[in-house]
Amino acid sequence: CSPWVGAGGAGLGALDFRARIMNMEPPLYGGILSGVFTAVVLFLVVRLVCFHWSRVMTLWENWPTRSGYNSALAVKFFTFDTIAHLFPILFMALLNWPIMSRFAPSNEPSIVDALTIQASSVFLTWYLCYAGMWFVTQYRWQSRAQEIAERTGSEDGRPDFNHEEQAARPVYRNTQDSRAWVNLQTLYALVLAPVCPLAPVLFYLWLMNRLHWEKIAMIYLYRRPHPQAAPGGGFWAETFQILTVVSLATQIPLILFCTNGLDFWFPSLTLEERWGMFATLEILVAGLASFLIARGLRFREESSKEITYV
């Protein structure tokens with residue numbers, strides 16, 4: 001339980017720092033500074049601590065196949081990223097209580113403004129830092145590809161796919177790193193899109209760039225993997241269902257309690273009626289989640305019956 005407590009505690013600690021800095025700096029600068037601090041804290045806790053223990057726990061589970069190990073590890077990565085980044089936003093949106101100081105995390109006139117500044121600052125900090133790291137990786141890949149072309153004597157730079165050359169290449173091992181970054185950006189693009197409007201566009205640009213360069217790396221630098229057919233969409237098919245449910249459960253309280261749209265269109269709507277709508281809609285979301293889980297279990301049973309061994 002310590003990694004889960006660490007992920008949630010890191011979010012609360014970052015919110016407490018936000019509450020303190022917002023009472024010393026103007027709202028915009030204080031919000032951006034606290035968002036950058038939150039991004040650094042979550043990076044240290046999630047990427048260095050939680051991901052390490054995710055690998056330890058997955059090795060302890062003793063999966064018999066590499067695909068099962070990768071799937072279980074990806075689920076843990078996704079869960080830690082989701083908890084660490086979604087929990088502070090939900091705490092600000094629903095409770096906004098003082099944590100260790102006497103100040104609340106949000107000190108702006110509108111809670112939506114506070115959520116937007118916090119989520120956008122965290123996401124942009126991660127995005128810009130990773131963009132710099134990714135640029136260095138692209139430069140290294142390009143230099144290595146040029147060295148391989150010079151060593152093999154390829155004038156046009158085309159890769160050599162003979163068995164000896166392929167056997168000498170290293171195995172591609174950036175799968176889990178790529179999946180972890182996709183998890184994080186998908187979370188902001190789908191779940192937190194109302195308070196982080198730049199996330200979908202930046203996520204699309206990042207994904208297209210990443211696919212292009214990883215395709216180049218798989219052709220020129222790493223050993224080509226053997227294609228394997230998998231039933232259904234695998235991890236991502238289940239992940240997008242989870243994100244759909246989480247996005248609905250998150251955006252319902254944001255719309256009911258944090259925005260001014262209901263006050264404009266329904267000025268006579270009371271707080272008790274909002275709580276009633278919140279409970280009803282969340283029950284419907286829970287019903288949708290149970291339906292998706294049941295359908296996924298049935299699909300797994302049918303897929304396991306259709307598998308034949310030669």
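Met100 is exposed, with a relative accessible area of 62%. This residue sits in the loop between H3 and H4, in what is a predicted model. Once neighbours within four places in sequence are set aside, Met100 is in contact with Asp16 and Arg20.

## The overall picture

How many helices and strands does the protein have? There are ten helices and zero strands, and from the N terminus on the elements read α-α-α-α-α-α-α-α-α-α.

The protein has 310 residues, and 39% of them count as buried. Contacts also reach across the sequence: taking those between residues at least 6 apart, 76% join residues at least 24 apart.

## H6 against H7

Two packed helices are described by the angle between their axes and the distance between the axes. For helix H6 (residues 175–191) and helix H7 (residues 199–220), the axes come within 9 Å and cross at roughly 160 degrees. Angles over 145 degrees count as roughly antiparallel, and H6 and H7 are therefore roughly antiparallel to each other. The crossing in which H6 passes H7 is left-handed.

On the H6 side, the contact is made by Asp177, Ser178, Trp181, Val182, Gln185, Thr186, Tyr188 and Ala189. H7 answers with Ala199, Pro200, Leu202, Phe203, Trp206, Arg210 and Glu214. Sorted by class, this contact of H6 with H7 has nine nonpolar, three polar and three charged residues.

## H6 against H3

H6 also packs with H3: their axes come within 9 Å and cross at roughly 40 degrees. H3 and H6 are therefore oblique to each other, and their crossing is right-handed.

Which residues of H3 meet H6? They are Asn70, Leu73, Ala74, Phe77, Phe78, Asp81, Thr82, His85 and Leu86. Their partners in H6 are Gln176, Arg179, Ala180, Asn183, Leu184, Leu187, Tyr188 and Val191. By class, the contact of H3 with H6 divides into ten nonpolar, five polar and two charged residues. Tyr188 of H6 is listed in the contact with H7 and in the contact with H3.

Is Ala180 buried or exposed? With a relative accessible area of 2%, Ala180 is buried. Not counting residues up to four places away in sequence, Ala180 touches Arg47, Phe51, Phe77 and Asp81. Phe51 is 129 residues from Ala180 along the chain, yet the C-alpha atoms of the pair are separated by 9.6 Å.

In soluble globular proteins, nonpolar side chains tend to be buried together. Here the largest nonpolar core has 57 residues, and those with the most contacts inside it are Leu115 and Tyr188. The elements giving two or more residues to this core are helix H1 (2–22), helix H2 (27–61), helix H3 (66–95), helix H4 (111–152), H6, H7 and helix H8 (235–258). H4 provides the largest share, 13 residues.

What does Leu115 touch, not counting residues up to four places away in sequence? Its contacts are Ile89, Met92, Ala93, Val195, Leu254 and Cys258. There is also a second, separate core of nine residues, which includes Ile252, Leu256, Leu269 and Ala289.

Asp113 is found in helix H4. At 41% relative accessibility, Asp113 counts as partly exposed.

Asn62 lies in the loop between H2 and H3. This residue has a positive phi of about 60 degrees although it is not a glycine. Asn62 is also exposed, with a relative accessible area of 61%.

Notes: Residues numbered from 1 in each chain as written. Predicted model: local features only at pLDDT ≥ 70, side-chain atom pairs only at ≥ 80, totals over all residues. Heavy atoms only, no water. Axes fitted to C-alpha atoms, helices over the stretch in contact; angles between N-to-C directions. Helix = DSSP H or I, 4+ residues; strand = E, 2+ residues; numbered from the N terminus. Parallel < 35°, antiparallel > 145°, perpendicular 65-115°, else oblique. Left-handed = near helix turned anticlockwise from the far one by under 90°. Contact = heavy atoms within 4.5 Å. Nonpolar A, V, L, I, M, F, W, Y, C, P; charged D, E, K, R; others polar. Core = buried A, V, L, I, M, F, W, Y, C linked by side-chain atoms within 4.5 Å. Buried < 20%, exposed > 50% of the residue type's maximum accessible area, 1.4 Å probe, protein only.
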